[in-house]
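The tour goes from the whole chain to single residues.

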Amino acid sequence: MASHFLLLALLAMAATLAMATDPTQLQDFCVADITSNVFVNGFVCKNPNLVTENDFFFPGLNYPRNTANQLGVNVTAVSVTNLPGLNTLGISIARIDFAPYGLNPPHTHPRATEILVVLEGTLSVGFVSSNPDNKLFAKVLYKGDVFVFPQGLIHFQFNAGHESAVALSGLSSQNPGVITIANSVFGSKPPISDEILAKAFQLDKKTVDLLQAKFWMNN
């Protein structure tokens, strides 16, 4: 009887681990049918007879992006929504362009761990561990350096140099998602009550109202 309980416990753990990641493929590929009206966890498969090499292709990630915005950053995400061949493969990539002193502000990826490599320039990066420690792990990265941001933890990247910087990020999900902290808290629609935010951040309501009135840019 004890061995049966142990077997059931192991099966339960395995099922939990399986459900905690992206759906995995049960065939060679499952190219996402972005146009389908069927709602599933992820995307339904495109008819394999209609799949072409272009479903596995995304061009132009080598070209610099425009960073003329309030944050001085431009994130070019390549995920299942613009590279449908990524469906069920549990991986995606992003190019991040930084103007001098550009900031990819504090944010999280709810469905992915991120590994970042600096291609050009210098970046100050870091992440904060969960409650109750809230410990900051921060590092200055130079060309060729690599840093990893654990799944779901708040992290940031800042170009501390006088020159532009470029980084490439790999993410462990076909659709990692992003939650920019300031946007979510002060730019939600409809807005969170200023009374709640004032108490949470120990601010007066006038300051909260000013923050909520700002334009919050998605990264």
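The stops below each give a selection and then say what is there.

**Before you start**

This is a predicted model, in which local features need pLDDT of at least 70 and side-chain atom pairs count only at pLDDT 80 or more, while totals for chains, interfaces and linings use all residues. Residues are numbered from 1 along each chain as its sequence is written, and side-chain values use heavy atoms, with hydrogens and water left out.

**Stop 1: the whole chain**

Show the protein chain as a cartoon. It has four helices and ten strands; here helices (H or I, at least four residues) and strands (E, at least two) are DSSP runs, numbered from the N terminus.

Of the 219 residues, 32% are buried, where buried means under 20% relative accessible area, exposed over 50%, and partly exposed in between (1.4 Å probe, protein chains only).

**Stop 2: the largest nonpolar core**

Select F98, L116, L123, V125, L141, F147 and F149. In the largest nonpolar core, which has 16 residues, these touch the most other members. A nonpolar core is a set of buried Ala, Val, Leu, Ile, Met, Phe, Trp, Tyr and Cys residues joined through side-chain atoms within 4.5 Å. Two or more residues of this core come from each of β2 (92-98), β4 (114-120), β5 (123-128), β7 (146-149) and β9 (165-171). Which strand gives the most to this core? That is β5, with three residues. In soluble globular proteins, nonpolar side chains tend to be buried together.

Stay on F147. Leaving out residues up to four places away in sequence, F147 touches E114, I115, L116, V125, F127, F137, K139 and L141. Touching, or contact, means heavy atoms within 4.5 Å.

**Stop 3: L71**

Select L71, in the loop between α1 (2-19) and β1 (73-78). L71 and N104 are 33 residues apart in sequence, and their C-alpha atoms are 7.2 Å apart in space. Not counting residues up to four places away in sequence, L71 touches Y101, G102, L103, P105 and M217.

**Stop 4**

Most residues other than glycine have a negative phi, and most peptide bonds are trans.

- Select Y101, in the loop between β2 and β3 (103-108). Y101 has a positive phi of about 65 degrees although it is not a glycine, and its relative accessible area of 43% makes it partly exposed.
- Select N134, in the loop between β5 and β6. Its phi is also positive, at about 50 degrees, and N134 is partly exposed at 41% relative accessibility.
- Select P132, in the loop between β5 and β6 (136-141). The peptide bond from N131 to P132 is cis, with omega near 5 degrees.
- Select P190, in the loop between α2 (181-186) and α3. The peptide bond from K189 to P190 is cis, with omega near -5 degrees.

**Stop 4: two helices**

Select residues 194-201 (α3) and 205-213 (α4); these helices pack at an angle of about 110 degrees, with axes 9 Å apart. The pair therefore counts as roughly perpendicular, a term for angles of 65 to 115 degrees (under 35 is roughly parallel, over 145 roughly antiparallel, the rest oblique). Axes are lines fitted to C-alpha atoms, for helices over the stretch in contact, and angles run from 0 to 180 degrees between N-to-C directions. At the contact, D194, E195, L197 and A198 in α3 meet K205, V208, D209 and Q212 in α4.
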